[in-house]
Amino acid sequence: MTAVLGPSVFGLDPLYIGGVGLAEVLVTLLKVGVAFAFLLVAVMLMIWFERKLISDMQNRIGPSLAGPFGIFQTLADGIKLFFKEDLIPERSDRLVFKLAPYLSLVPAFLVFAVVPIGGDFNGGDGRVSLFGHETFLQVSDPPVGILLVLALSSVAVYGVMLAGWSSGSKYPLLASVRASAQMVSYEAALGLSLAAVLLKSGSLSTNQIVSEQAVWNWNLWVTWVVPMVVFLIAVTAELNRPPFDLVEAEQELVGGFHTEYSSIRFALFFLAEFMNTITMSAIIVTLFLGGPNGPDFTTVGWLSGLLWFFAKLVLFLFTFVWLRATLPRFRYDQLMDLGWKLLIPLSLGWLLVLASYDIAGDRGWNRAAAVIVMLAVMAALAALLGLALRAARHRRELDPQGGFA
Amino acid sequence: MGYLRGFAVTFRKLFKGTATGRVVTTQYPDEKRPKPVRFHGRHVLNRYEDGMEKCIGCELCAGVCPARCIYVRGADNSPDDPVSPGERYGYVYEINYLRCIHCDLCVEACPTEAITESKLFEFSFTSRADAIYTKDELVVGDDGRPQQLPWEDWHPGDDEHTSAWVRATSPSGRADYEGKVAWSGELGYGIRPPEQGQAADEASDSGHHDRHGFDDPHDAHGGHR
């Protein structure tokens, strides 16, 4: 991209090159409005899609009465929740209790702002023409791009944590403890697998990341698959979706963090949860599957990008539902073991292997040899880690009462 | 990879019409499954053939109730106009259906077979007070059948075999008592015959291992179809 544009709040969007006038503001507002409406409708359809799909996988029928194929079931549920009595527990922290649903909801909306949902990347840089104004098909393209996603997903943790804490009730409190531990643990693996993508694309801007993957150069194979698998698992944990839904484990914690919530506040939590599922799927598509990239099969330049993006998005939404239908919930120690002992070392090691590949290319070394040496080093380190874990477990078994003193 | 086989299983289920994708849902209000013979529904308070109430107000049912939904107060029978044979009768008898879990322990505890359960479960209320059934509502009518109250949705067969457990194969749990009448008569029915025992079923058609009385069209004693 051109270096002429200085970093700004609105980022590198060509819309703002010629200064910001009324037309630019209107175009921006239109994009914001479309993104907002899209997310709300998408959540409605996603909940229906998930319920329908999971009931198919469980030999059931699922929602079938509200509208054709029960497609308005979510709408009916929303209206019902809206008119239900809103209870605030006596022993709750009222301010935080009321604030928490919005702390989950607002980040869910904001994350979507940096996702390029379309645009022509086959030769172009993703610009489209909206009412005669050149712009990207994303609400904004800040220079910090993907860091905004990480920051907002960290903020979303507060929504769940404070909801549980402020309820003044023991099960929500336990859930909030779990939520904070789980989300902090998987944030590390999330960041490390993301670093592999950043290493390859060399930019934080989502538009740049997508441009780098033009047509078939998708990060999925550019980073050799593993970072995407780690990212997908870590995202599932971040979203508190099954099999990592310990935060709302019904068998153990009643409803988890939202036990004490009712009416519209409860609905907001679920809106946020499903919206996060959609936005995080969009982020995976952007980071690993080239976003709107794909061979142009239409005559209209921008249409192919949109279609590719939504096809990939639906693929991931299907994957999340499929995971939920197939896998039983993790136990808490299994969750921590998977996060700390497998995903974090794996993504860190993979990042180093990718880096060695790049460095070997820069220095003119034999790349295959560099990667093989790195893989051998990583295997040795993995063996050491495994040995250390086994020794620690052995010592625990010898002295079960032993503490950390 | 054992982990991945599960994904294949759930994916195969997506396709309806296949052996694994068969839908098991019963569209409840539109289609209803037949009820088992010993279905635990709304209670009834039985009476003897002469119209006397069986309840003696002993409160054993209230004592055994894990949900504490039964409230009983006994009173002395007036010698001139007794409600039940013997000294005492149930003066107050109330069941709170917001609490009842239909475990049938009250039926097992009852020494006089006064309380049994019908197969009615489709009833609802609009207030907490309405959820408490009083003795007037629970006691059987003069024809020996449960009263069908306006807010209850009775279906054919719901009011039959209300005392099925009592007349089970060997109520004491001992095989010696199989087929022997060890229960009292009921208003409108008299002394009902014993149920055909499980042993008899197995002898007549060996290898036919239906769960007792459930979904079995050849059921000699069910009559629930």
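Predicted model: local features only at pLDDT ≥ 70, side-chain atom pairs only at ≥ 80, totals over all residues.
Figure 1. The cut-offs are 20 or more other C-beta atoms within 10 Å for buried, 12 or fewer for exposed, and in between for partly exposed, with C-beta atoms placed from the backbone. Pro242(A) sits in the loop between helix 8 and helix 9 of chain A. Helices (H or I, at least four residues) and strands (E, at least two) are DSSP runs numbered from the N terminus. Leaving aside residues up to four places away in sequence, Pro242(A) touches Leu323(A), Arg324(A), Leu327(A) and Arg329(A). Contact means that the C-beta atoms of two residues, placed from the backbone, lie within 7 Å. Ala369(A) is 127 residues from Pro242(A) in sequence and 40 Å from Pro242(A) in space, C-alpha to C-alpha. Residues are numbered from 1 along each chain as its sequence is written, and chains are lettered from A and ligands numbered from 1 in the order in which they are written. Local features need pLDDT of at least 70 and side-chain atom pairs count only at pLDDT 80 or more, while totals for chains, interfaces and linings use all residues.

**Figure 2. The cis peptide bond from Pro242(A) to Pro243(A).** Omega of this bond is near 5°. Pro243(A) lies in the loop between helix 8 and helix 9 (250-253) of chain A. Pro242(A) is in the loop between helix 8 and helix 9 as well. Most peptide bonds are trans.

**Figure 3. Positive phi at Phe69(A) and Val225(A).** Most residues other than glycine have a negative phi. Phe69(A) has phi near 55°. Its place is the loop between helix 1 and helix 2 (73-82) of chain A. Phe69(A) counts as partly exposed because 13 C-beta neighbours lie inside 10 Å. Val225(A) has phi near 65°. Val225(A) belongs to the loop between helix 7 (219-222) and helix 8 of chain A. With 13 C-beta neighbours inside 10 Å, Val225(A) is therefore partly exposed.

**Figure 4. Domain 1 of chain A against domain 2 of chain A.** The domain assignment gives domain 1 as 14-330 and domain 2 as 331-397 in chain A. Such bounds come from an automatic or database domain assignment. The domain centres, taken over C-alpha atoms, are 30 Å apart. Domain 1 brings 21 residues to the contact, and domain 2 brings 17 residues. On the domain 1 side, helix 5 (170-201) and helix 8 (226-238) each supply at least two residues. Helix 5 gives the largest share of that side, 11 residues. By class, the domain 1 side has 16 nonpolar, four polar and one charged residues. Ala, Val, Leu, Ile, Met, Phe, Trp, Tyr, Cys and Pro count as nonpolar, Asp, Glu, Lys and Arg as charged, and the others, Gly among them, as polar.

**Figure 5. Helix 5 of chain A beside helix 12 of chain A.** The two axes come within 9 Å and cross at roughly 15°. Helix 5 is therefore roughly parallel to helix 12. Axes are lines fitted to C-alpha atoms, for helices over the stretch in contact, and angles run from 0 to 180 degrees between N-to-C directions. Angles under 35 degrees count as roughly parallel, over 145 as roughly antiparallel, 65 to 115 as roughly perpendicular and the rest as oblique. The crossing of helix 5 and helix 12 is left-handed. A left-handed crossing has the near helix turned anticlockwise from the far one by less than a right angle, and a right-handed one has it turned clockwise. The contact of helix 5 with helix 12 divides into 18 nonpolar, five polar and two charged residues.

**Figure 6. Helix 12 of chain A packed on helix 13 of chain A.** Helix 12 (residues 332-363) and helix 13 (residues 367-398) pack at about 160°, with axes 9 Å apart. The pair is therefore roughly antiparallel. The crossing is right-handed. Helix 12 contributes residues including Gly349(A), Leu352(A), Val353(A) and Tyr357(A). Among those of helix 13 are Met374(A), Leu375(A), Met378(A) and Leu381(A). The contact has 14 nonpolar, three polar and two charged residues.

**Figure 7. The contact of chain A with chain B.** Eight residues come from chain A and 10 residues from chain B. Helix 1 (22-57) and helix 11 (301-326) of chain A each supply at least two residues of the chain A side. The largest share, three residues, belongs to helix 11. The chain A side divides into four nonpolar, two polar and two charged residues.
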